[in-house]
Amino acid sequence: MPPDDDTLEEQTLSFQQPERARPDSGSEDPVHLLLVLDDNAPPRRIPLHSLPVVIGRNPPADLVLDGTTVSRRHCRLELKNGQLRLSDLASTNGTFVNGVRLTEATALEDGATIGVGAWRLRYHRRNQDETADADAMERELREASNYVASILPKPVNQGPVRVNWFYQPSTRIGGDAFGYQMLDRRHFSLFLLDVSGHGTGAAMHAMTVAQVLRERVLPDVDFLDPAAVIGGLNARFPMHRNNDLFFTIWYGVYDIVDRVLIFAAGGHHAAYLLPADNTAWPALPLLTQNPVVGMLPAPRIAAAEVEVPPGSTLHLFSDGVFEVIDRAGRQLGLDDILPMLPEVTGPEEAAGEPKRLYDRIRAIARPGHLDDDFSALVFRFT
């Protein structure tokens, strides 16, 4: 098998079609394409409209895969008798097809997995109609992904509440959403929600709910009252009117004068409060027992409050952070993740580095992208 490389997510890929004529749009010839398989992101599609294609570490290779495990001219794809053939170009680390190192040019079957250094590619052969449909879907997903990115707030590095976050959807667009803002000069609100399911439907529902919270458009709801907010969301988004989608949410309001955080959870697990010096362990769980949002017609919602000492750090994350299968096939849980939280806490002037938590979990998780969306937020109360 090709060697592992934990730095893959920091590597780059570029593709320049060779200067040869592309087939006419009306051609019945099949389209050959590669999927770039990244453990940390959905696959990327590369149609091979013009062949041959040389894969290597830097130009003049047509498909550039960055990283020291890839040779300057690593392998070559060419069309012979209607079949796509792959040959190794005397690369240092070899070229693999379905885990077997190439010793001679090999014809690729549809679905074959190609190993080029630390990179994994999958080959597919499609007809013109299938390719056009896939291209249209790719454009729509890219537009949806850009929309989701535009909704998510920017980190905050100054003021009474500092915020940093890391978000990695399990598919192209995910069903998590989060936000925070000053409600007035004294009160700071924060939330994280997780819609059931995955894909475009869950993502659009999550963004709709997030917009409602951001714009504060729930009628007759006091947004300083977390219980009222969750009750209002439950009335606004019943699952029977929203394609059977429901969601969990953690919502809080912090009084920056009295240093009190009022919070409520709707089916969501606890957020965790750590003191400034990280010495008090375990972390304080902030949880209220309420049903998920959208499932019951008019549930009673309970809220709670906690005093927040200066320098405290709040960790708020989705269940995709801890519902992970490790490399031994064991299901992880909260107890496995909580000891990692102090490592995420940043210096006194910063909120923290939640990507550090993602990197730790990726290192122990089984290969492949995570099964659920990963959302982790860190709030420091100065």
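In which loop does Asp-244 lie? Asp-244 sits in the loop between α3 and β16. Helices (H or I, at least four residues) and strands (E, at least two) are DSSP runs, numbered from the N terminus. The model is predicted: local features need pLDDT of at least 70, side-chain atom pairs count only at pLDDT 80 or more, and totals for chains, interfaces and linings use all residues. Residues are numbered from 1 along each chain as its sequence is written, and side-chain values use heavy atoms, with hydrogens and water left out.

Backbone geometry is taken up next. Asp-244 has a positive phi of about 60° although it is not a glycine. Asp-244 is exposed, at a relative accessible area of 52%. Here buried means under 20% relative accessible area, exposed over 50%, and partly exposed in between (1.4 Å probe, protein chains only). Asp-220 also is not a glycine, and its phi is positive, near 60°. Asp-220 belongs to the loop between α2 and α3. Its relative accessible area is 84%, so Asp-220 is exposed.

Two cis peptide bonds can be described. One joins Leu-51 and Pro-52, with omega of about 5°. Pro-52 is in the loop between β3 (41–48) and β4 (53–56). Another cis bond runs from Pro-59 to Pro-60, and its omega is near 15°. Pro-60 is placed in the loop between β4 and β5 (63–65).

Helix α3 spans residues 226–236. At its start, a side-chain oxygen of Asp-225 comes to within 3.1 Å of the backbone nitrogen of Ala-227. The buried residues of α3 are Pro-226, Ala-227, Val-229, Ile-230, Gly-232, Leu-233 and Asn-234. An α-helix has 3.6 residues a turn, so residues three or four places apart point the same way. The buried residues of α3 pack against α2 (200–215), β16 (247–255) and β17 (260–266); contact means heavy atoms within 4.5 Å.

Strand β18 covers residues 271–274. Ala-271 and Leu-273 point one way, and Tyr-272 and Leu-274 the other. All four are buried. Strands pair if DSSP finds at least two bridges between them. β18 pairs with β19 (residues 284–286) in the antiparallel sense, over three bridges. Leu-284 of β19 is the bridge partner of Leu-273. β18 also runs antiparallel to β21 (residues 312–317), again with three bridges. In β21, His-315 stands opposite Tyr-272.

The structure holds 13 aromatic pairs. Rings of Phe, Tyr and Trp (its six-membered ring) pair if their centres lie within 6.5 Å; planes under 30 degrees apart count as stacked, over 60 as edge-to-face and the rest as tilted. Phe-237 lies in the loop between α3 and β16, and Phe-247 in strand β16, so the pair ties together parts ten residues apart in sequence. Both Phe-237 and Phe-247 are buried. The pair of Phe-317 and Phe-322 is edge-to-face, at 6.3 Å centre to centre and 80° between the planes. Phe-317 is buried at 2% relative accessibility. Phe-322 is buried too, with a relative accessible area of 9%. Trp-165, Tyr-167 and Phe-178 form one aromatic cluster.

Methods
Polar contact = N/O pair within 3.5 Å; in protein donor to acceptor, adjacent residues only side chain to side chain.
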